[in-house]
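Here is a friendly briefing on a structure, sorted by topic for quick reading. Please take a look at the model first, and then go through the notes below.

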Amino acid sequence: MLTMQSEDPDKHPSRLAWTMMEPYHTVIYFAPEARAAYSEAGLKGYWMGYFASRAAAMGPVPASVVTATFYNFHPNMVARAIPDAWRFSTPEKILSARQHAADVILRRLLGDNIIASAELAEAAELAKIAAGACSVAGRPLFAGHASLPWPEQSHLALWHATTLLREFRGDGHIAALLAENVDGCEAHLTMVGKGTLTREAIQPNRGWSDEDWRAAQERLIQRGWLDQTGTLTTEGQNRRRHIEQVTDELALPPWQALGENKFERLLSLMKKFSIQILEQGGVPMPNPVGVPDPRNLA
């Protein structure tokens with residue numbers, strides 16, 4: 001059985017998989033083709049496209065459901081996009097636009113040779129096996145996307161699989177945050193306090209006001225997680241490390257289903273594709289998603 005192989009948390013199988021696979025999915029949030037596709041589908045502005053395209057797999061849900069499942073965005077930011085998005089368009093149109101955008105983006109970034117390669121087809125099959133081993137129990141956003149049909153083309157099947165696997169991980173991460181009584185804004189402060197992200201990069205992109213930020217910082221100071229400068233204390237480092245450990249463990253089932261050899265094969269393939277995407281400028285590094293650069297891992 002695939003288990004934790006190293007004391008280095010960055011080498012946990014689940015974290016390695018996220019690092020190697022996330023760029024393949026995340027292109028949908030940065031490429032101009034996605035914004036154009038959502039605009040053509042009737043949506044208005046980047047954030048309406050983001051919220052609606054990621055939530056559409058759950059159907060025309062209210063803003064409260066999007067806030068719950070996305071977790072770390074201010075509710076008012078979500079409410080500016082949802083439910084208006086469902087009046088301007090439909091979940092079906094938005095999902096079609098999203099897949100079309102993924103097709104165009106990946107073809108541009110990877111090129112015809114990689115798109116048509118046996119390696120990409122192999123990666124798609126392995127990732128599909130992994131995604132098929134994930135349970136929907138307690139994973140609402142994953143469950144919505146898992147209900148969608150699998151694309152026939154390998155590069156899109158792989159993109160769908162990376163989407164499923166990252167939403168499966170994300171749902172588990174929310175559970176880990178809830179278990180530690182860390183709300184959406186506080187979660188950002190722990191990442192800034194750790195040095196993973198900057199306040200300037202994350203606060204305006206998640207809709208939290210300066211007042212919200214100060215209140216969250218004060219709560220974490222009172223809990224002993226942050227010092228007065230906003231840096232994680234020893235206690236804060238330990239608790240944040242525990243959250244990441246729980247997240248990684250909850251994300252382990254798909255990789256255990258693959259087994260060690262297929263897991264290592266999939267990651268070696270995904271590293272090639274993700275590095276190609278990064279070198280073509282498909283995902284900025286660093287980025288608000290917080291995914292590490294796979295080029296930094298041996």
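Thr67 is buried, at a relative accessible area of 17%; buried stands for under 20% relative accessible area, exposed for over 50% and partly exposed for the range in between, with a 1.4 Å probe and protein chains only. This is a predicted model, in which local features need pLDDT of at least 70 and side-chain atom pairs count only at pLDDT 80 or more, while totals for chains, interfaces and linings use all residues. Residues are numbered from 1 along each chain as its sequence is written, and side-chain values use heavy atoms, with hydrogens and water left out.

**Thr67 and its surroundings**

- Thr67 sits in helix H4, residues 63–70; helices here are DSSP runs of H or I with at least four residues, strands are runs of E with at least two, and both are numbered from the N terminus.
- Leaving aside residues up to four places away in sequence, Thr67 touches Phe73, Pro75 and Val78, where contact means heavy atoms within 4.5 Å.

- Tyr71 is not a glycine, yet its phi is positive at about 75°.
- Tyr71 belongs to the loop between H4 and H5, and it counts as buried because its relative accessibility is 15%.
- Asn181, also a residue other than glycine, has a positive phi near 60°.
- Asn181 is part of the loop between H10 and helix H11 (184–194).
- Is Asn181 buried or exposed? Asn181 is exposed, because its relative accessible area is 59%.

**Cis peptide bonds**

- Ile82 and Pro83 are joined by a cis peptide bond with omega of about 15°.
- Pro83 lies in the loop that runs between helix H5 (75–79) and helix H6 (84–88).
- Another cis bond leads from Met285 to Pro286, with omega near 0°.
- Pro286 is found in the segment after helix H16 (260–279).

- Helix H3 (residues 46–55) is mostly covered, with eight of its ten residues buried.
- The buried residues of H3 are Met48, Gly49, Tyr50, Phe51, Ala52, Ser53, Arg54 and Ala55.
- Cys185 is in helix H11 and counts as buried, because its relative accessibility is 2%.
- Which residues does Cys185 touch, not counting residues up to four places away in sequence? They are Trp208, Asp212, Trp213 and Ala216.
- Cys185 and Glu92 are 93 residues apart along the chain, and 31 Å separates their C-alpha atoms.

**Helix H8 against H10**

- The axes of helix H8 (residues 118–132) and H10 come within 8 Å and cross at roughly 35°; axes are lines fitted to C-alpha atoms, for helices over the stretch in contact, and angles run from 0 to 180 degrees between N-to-C directions.
- The crossing of H8 and H10 is left-handed, a term for a near helix turned anticlockwise from the far one by less than a right angle, with clockwise being right-handed.
- H8 contributes Leu120, Ala121, Ala123, Ala124, Ala127, Lys128, Ala130 and Ala131 to the contact, and H10 contributes Ser154, His155, Ala157, Leu158, Ala161, Leu164 and Leu165.
- By class, this contact has twelve nonpolar, two polar and one charged residues; nonpolar covers Ala, Val, Leu, Ile, Met, Phe, Trp, Tyr, Cys and Pro, charged covers Asp, Glu, Lys and Arg, and the others, Gly among them, are polar.

**Cavity and pocket**

- The structure holds one cavity of 30 Å³ or more; on a 1 Å grid over the protein atoms alone, a cavity is a set of points where a 1.4 Å probe fits but cannot get out, a pocket is an open set with protein on both sides within 12 Å along at least five of seven lines, and lining residues have an atom within 4 Å of a point.
- The largest cavity has a volume of about 110 Å³, volume being the space filled by probe spheres set on grid points that are joined across faces, edges and corners.
- Of the 13 residues lining the largest cavity, Trp18, Leu165, Arg166, Arg169 and Trp255 are the closest to its centre.
- Helix H1 (13–26), helix H10 (154–179) and helix H15 (253–258) are the elements that each give two or more residues to this lining.
- The lining of the largest cavity divides into eight nonpolar, two polar and three charged residues.
- The second largest pocket has a volume of about 200 Å³, and helix H7 (91–115) and H10 are the elements giving two or more residues to its lining.
- H7 provides the largest share of that pocket's lining, four residues.
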